[in-house]
Every structure is written in C-alpha cells, then in structure tokens.
Amino acid sequence: MFFLKISGLFSIHMRPLKVVIVFIGVWFIVGLIDKISKSGVSKTFDRMCDVETYLKKRISKYDPNDILCAFDIDLTMLQPEHPAFYVPNVKKYIKIYRSIVKEHPNLDLTLPFLYSFLIPQRLVDEGIYDILKSLEGTKKIAFTATFTGHYLDFQRLEVLRYEQLKAKKLSFEDNFENEDFVLDECVPYRSNFPCFYKGVLCSNSEQGPTTKGGALCAFLRKVGWVPKCIVLVDDRAKNLSDVSAALKQNFPEIDFVGIEYLGGHKYCPQRISQEEFKLFWEECFKKASQL
C-alpha cells in the first residue's frame, strides 16, 4: 500500500515533467525544420547598408580576385511599381491568389510574372550602389530565375533584364571575356537553355529543370573559373539553400556566403482592393496560359 501511494505521488509529479519534455521536443523539431529550410543562409537583412557592413568583415580574408558576388534581380535590386506585386498586398490576398493558381494546375507559375516586365521598375534600395562600389575588384553578376528567349513583345528576356538594370545605372558587364552564351549542358525548357548575357545569369524559370544552383555550377564550368568564395544576395531562402547544396556537391572547396535580403518584402506605398487584385491576377494567368 505504501509503495502504491509513493507510485501515485511520483506519477502526479511526473505529469508536469512530461509536459516539459513534450514542449522541448516540439520546440526542437520546429527549430530543426527551420534550420533545414534556412540552410545556406548566412544572415538575413532588410537593408543593403547592413549587407555591406556584414560582407566587409565576412569576405575580408579573400583577395577580391578570388570572389564572385551574385545579386538576385527581382525584389532584391528591382521590383515593379504596381500594388498587385507589392508583397504585403499579395500576403493580404494570398487566399485569392491561391484560388487562381488552382484554376491553372498545369501552368508554370512563373509565366504570369512575365507581365511584371511590362510595368515600370523601381530600385528596391539605393544602398545597392554603395555595396557594389565596396566590392570593387571582385567579379559581380546579376542572377535571376527569369525565362530566357522570346516572350511577349520582347526579343530576348535576358536582354530586357540587362536593359532594366542598365536604366537604373546597375552594370555587371566586363567581368568575363565571353558575355553572351547559353549553358547548353543544362536541360532545355520551353525550347530554351539557361544563359548569360552581359553580366546577367538567367536560370530559365524557377519551375524549369535547372535550379539556380544548377545554373551557377554550369556557369562556373563554362567560364572555367573556380573562385574561393561566392556571395549570393537573394530574397528567397530556397534559392540560397539550393545554391549552397549544389556548390557542396560540385565545388566543395568554395566558401559560400548566402544573404537573405528581405527589403523588397516591406515596400507597400499603395493598397489595392480585393476585387482589383483578383481581376489583375486572373488576367495575368489567363494570358500566361496562352504563351
């Protein structure tokens, strides 16, 4: 009887302990999932000036000639000036956007975003000029998942992206001897290959067979150069993780620095109504389904 009482008291006192153990377990799993999703992300910043400060210290041990710095274009350097594309508005009406997506199950979801190129572009953060100046001596490229080839009324989308950057005085030219080539070792998608044009590397769609990591590795092989350090500034952690994994597999000797830049995700000077948002994206998806 005595032992039964002791056992009962012990079980009562163990209940809070079990709760604590369960809580710690859940916390650990959530942390592990977050760590996996953020693999390849060295730091996260909202301002380019903070990116500049961090990189000055992080890559100071390397000779500038041994460094490749890549900058994503959309939501990192440029973004369309239209409320339907502002991230806070998209988040607000995300259920509407997802319902439109469901109506086009076989559509490459990056195709509707081609219509953002018809809209005037704005500079996300003027600090990009200072950071590019501070990286003098390093090789620098713009790096985007943009489709390549002919779409809409554009002769070549890679040329358009180059011209959009040039209009904002962002130049990535003259870093490599050959400045216009296709990465034909990659798998073609919609009859086009990933390519490089005057400092702009395009992986040819986020939903195509070539990821950013695959495109970057193919690019390094094409130019015949293996830098000691590669920096990528991108607004999507997924891209940073992909590039990190691809480099570890193909060029494990390269030190990768992945910067998640979310400055473009904060900008929203103009709201849009639910109906206007819905009509805008329905039209984009409708047109994209005919491409």
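Reply: Contact here means heavy atoms within 4.5 Å, and helices are DSSP runs (H or I, at least four residues) numbered from the N terminus. The model is predicted, with local features needing pLDDT of at least 70, side-chain atom pairs counting only at pLDDT 80 or more, and totals for chains, interfaces and linings using all residues. Residues are numbered from 1 along each chain as its sequence is written, and side-chain values use heavy atoms, with hydrogens and water left out.

Me: Which residues of α5 does α2 meet?

Reply: On the α2 side the residues are Met48, Val51, Glu52, Leu55 and Lys56. Across from them, the α5 residues are Gly127, Ile128, Asp130, Ile131 and Ser134.

Me: At what angle do the axes of α2 and α5 cross?

Reply: Axes are lines fitted to C-alpha atoms over the stretch in contact, with angles from 0 to 180 degrees between N-to-C directions. The axes of α2 (residues 48-58) and α5 (residues 127-134) come within 8 Å, and their crossing angle is roughly 15°.

Me: Is the crossing of α4 and α9 left-handed or right-handed?

Reply: Helix α9 (residues 274-288) packs on α4 at an angle of about 25°, with the axes 10 Å apart, and the two are therefore roughly parallel to each other. A crossing is left-handed if the near helix is turned anticlockwise from the far one by less than a right angle, and right-handed if clockwise. While α2 passes α5 in a left-handed crossing, that of α4 and α9 is right-handed.

Me: Which residues of α9 make the contact with α4?

Reply: From α4 come Ile96, Tyr97, Ile100 and Val101. Their partners in α9 are Gln274, Phe277, Lys278, Trp281, Glu282 and Phe285.

Me: How far apart are the axes of α7 and α8?

Reply: Helix α7 (residues 212-223) and α8 pack at an angle of about 45°, and they are therefore oblique to each other. Their crossing is right-handed, and the contact includes Leu216, Cys217 and Leu220 of α7 together with Val243, Ala246 and Leu247 of α8. The distance between the axes of α7 and α8 is 7 Å.

How values were computed: Angles under 35 degrees count as roughly parallel, over 145 as roughly antiparallel, 65 to 115 as roughly perpendicular and the rest as oblique.
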